[in-house]
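Hello,

Here is the structure I said I would pass on. My notes on it follow below.

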Amino acid sequence: MSLRVAIQMDPIETIDINGDSTFVMGLEAQKRGHTLFHYHPKDLTMLDGRVVAYARPMTLKREHGNHFELGEASWIDLQDDVDVILMRQDPPFDMAYITATHLLEHIHPQTLVVNNPAEVRNAPEKLFVTKFPDLMPPTLITSNKEQIERFRDKHKDIIVKPLFGNGGAGVFHIKPGDENLNSLIEMFSELYREPIMVQAYLPDVRKGDKRIILIDGVAAGAVNRIPAEGEARSNMHVGGQAAKSDLTAREREICERIGPELKARGMIFVGIDVIGDYLTEINVTSPTGLQEINRFDGSCLESQIWDAIETHTAS
């Protein structure tokens with residue numbers, strides 16, 4: 001079964017071919033005989049009720065500095081000319097992102113969008129996780145300074161972060177006695193209209209922040225991300241180091257709890273973050289981690305993802 005696959009993503013020129021998950025998903029699609037198209041989110045258009053994109057045929061190869069070829073751009077109808085769309089642009093989860101989900105909702109599931117755009121819109125990473133409060137660390141979402149101060153008085157050591165940020169941007173560790181909290185609240189209020197997320201600091205983060213990949217609601221692999229010395233964030237691009245990891249009994253319990261909900265919502269490719277015994281985020285927009293897990297486990301998670309996609313397109 002040959003599929004026509006459009007990848008909605010950021011510029012292909014800028015990706016790291018040794019770490020990018022979209023890249024290996026594209027390579028696997030090619031290996032299976034699928035045809036690839038590439039377009040930027042800004043090239044997604046609705047014209048007289050039809051959703052179209054200014055897209056280019058794309059070929060990928062694992063060669064540094066020569067990892068892609070793009071053909072001539074043309075307008076393609078995403079309902080008639082495409083079988084699968086991978087919605088893989090990076091957050092932030094802003095109004096542009098939300099608008100893209102609304103447009104793609106018009107064509108899903110006739111054209112399969114991974115992940116289901118309506119459910120992506122309804123499941124921002126830091127809010128979707130609140131549906132499982134017993135799995136989370138103590139958490140506060142508010143714009144109220146008094147509530148934040150009370151939370152800090154109770155938990156002492158806290159993490160403060162924007163509700164719709166990504167990649168560790170804007171994440172602050174406020175220790176007991178730190179006098180910067182009020183200034184930080186003021187800064188967040190000026191930068192963001194949304195509430196702030198505040199969580200109890202988890203000392204286990206020093207042992208790592210584990211990324212677990214779920215495919216169609218089933219745990220498929222994991223990698224631990226260990227923060228650099230003096231850093232509370234474990235994200236790779238801020239110095240976190242990847243380490244091989246198996247799933248603990250608690251992590252399997254977490255996956256079994258949330259897996260059926262993910263599957264029911266059409267979330268084929270999801271990455272969750274776990275620190276110690278606590279679920280901290282459910283990433284449904286553009287999850288990463290495939291290449292790191294593959295290297296440690298000798299696996300090919302992108303093949304499993306395509307098995308799931310092909311099953312959905314055939315049903």
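**What was found**

The lining of the second largest pocket is made up, by class, of nine nonpolar, three polar and two charged residues. Please keep in mind that this is a predicted model. The space in the second largest pocket comes to about 260 Å³. It is lined by 14 residues, and those closest to its centre are Pro 92, Phe 93, Asp 94, Phe 164 and Glu 194. As background, rolling a probe the size of a water molecule over the atoms shows where empty space is left.

**Helix H2**

Asp 94 also has a place at the end of a helix. It caps the N-terminal end of H2, with a side-chain oxygen 3.2 Å from the backbone nitrogen of Ala 96. Helix H2 covers residues 95–105, and its buried residues are Tyr 97, Ile 98, Ala 100, Thr 101, Leu 103 and Leu 104.

Leu 103 comes up again in the surroundings of Val 51. Leaving aside neighbours within four places in sequence, Val 51 is in contact with Leu 103, and also with Leu 44, Thr 45, Met 46, Ile 76, Asp 77, Leu 78, Gln 79, His 106 and Ile 107. Val 51 lies in strand S4. Is Val 51 buried or exposed? Its relative accessibility is 2%, so Val 51 counts as buried. For a sense of distance, take Val 51 and Asn 180, which are 129 residues apart along the chain: their C-alpha atoms are separated by 47 Å.

**Salt bridges**

Side chains of opposite charge can pair when their charged atoms come close. How many salt bridges does a search of the whole structure find? The search finds 22. Three of them are described here.

Arg 50 and Asp 77 form a salt bridge through their side chains, at 3.1 Å from N to O. Arg 50 is in strand S4 (residues 50–60) and Asp 77 is in strand S6 (residues 74–77), so this pair ties together parts that are 27 residues apart in sequence. Arg 50 has a relative accessible area of 31% and is therefore partly exposed. Asp 77 has a relative accessibility of 15%, and as the cut-off for buried is under 20%, Asp 77 counts as buried.

Asp 216 forms a salt bridge with Lys 263, where the closest N and O atoms are 3.5 Å apart. This pair links distant parts of the chain, 47 residues apart: Asp 216 is in the loop between strand S13 (209–215) and strand S14 (218–226), while Lys 263 is in helix H7 (residues 249–264). Asp 216 counts as buried at 15% relative accessibility, whereas Lys 263 is partly exposed with a relative accessible area of 47%.

Arg 32 counts as partly exposed, at 24% relative accessibility. Glu 28 counts as buried, at 7%.

**Backbone points to look at**

Most residues other than glycine have a negative phi, and most peptide bonds are trans. The following places depart from that.

- His 108 and Pro 109 are joined by a cis peptide bond, with omega about 10 degrees. Pro 109 is in the loop between H2 and strand S8 (112–114).
- Val 114 and Asn 115 are joined by a cis peptide bond, with omega about 0 degrees. Asn 115 is in the loop between S8 and helix H3 (117–121).
- Asp 48 is a residue other than glycine with a positive phi, near 50 degrees. Asp 48 is in the loop between strand S3 (44–47) and S4. With a relative accessible area of 76%, Asp 48 is exposed.
- Lys 156 is a residue other than glycine with a positive phi, near 70 degrees. Lys 156 is in the loop between helix H5 (145–155) and strand S10 (158–162). With a relative accessible area of 48%, Lys 156 is partly exposed.

Regards

Notes
Residues numbered from 1 in each chain as written. Predicted model: local features only at pLDDT ≥ 70, side-chain atom pairs only at ≥ 80, totals over all residues. Heavy atoms only, no water. Salt bridge = Lys/Arg side-chain N within 4 Å of Asp/Glu carboxyl O. Buried < 20%, exposed > 50% of the residue type's maximum accessible area, 1.4 Å probe, protein only. Helix = DSSP H or I, 4+ residues; strand = E, 2+ residues; numbered from the N terminus. Contact = heavy atoms within 4.5 Å. Polar contact = N/O pair within 3.5 Å; in protein donor to acceptor, adjacent residues only side chain to side chain. 1 Å grid on protein atoms, 1.4 Å probe; cavity = no way out; pocket = protein on both sides within 12 Å on 5 of 7 lines; lining within 4 Å. Points joined across faces, edges and corners; volume = space filled by probe spheres on them. Nonpolar A, V, L, I, M, F, W, Y, C, P; charged D, E, K, R; others polar.
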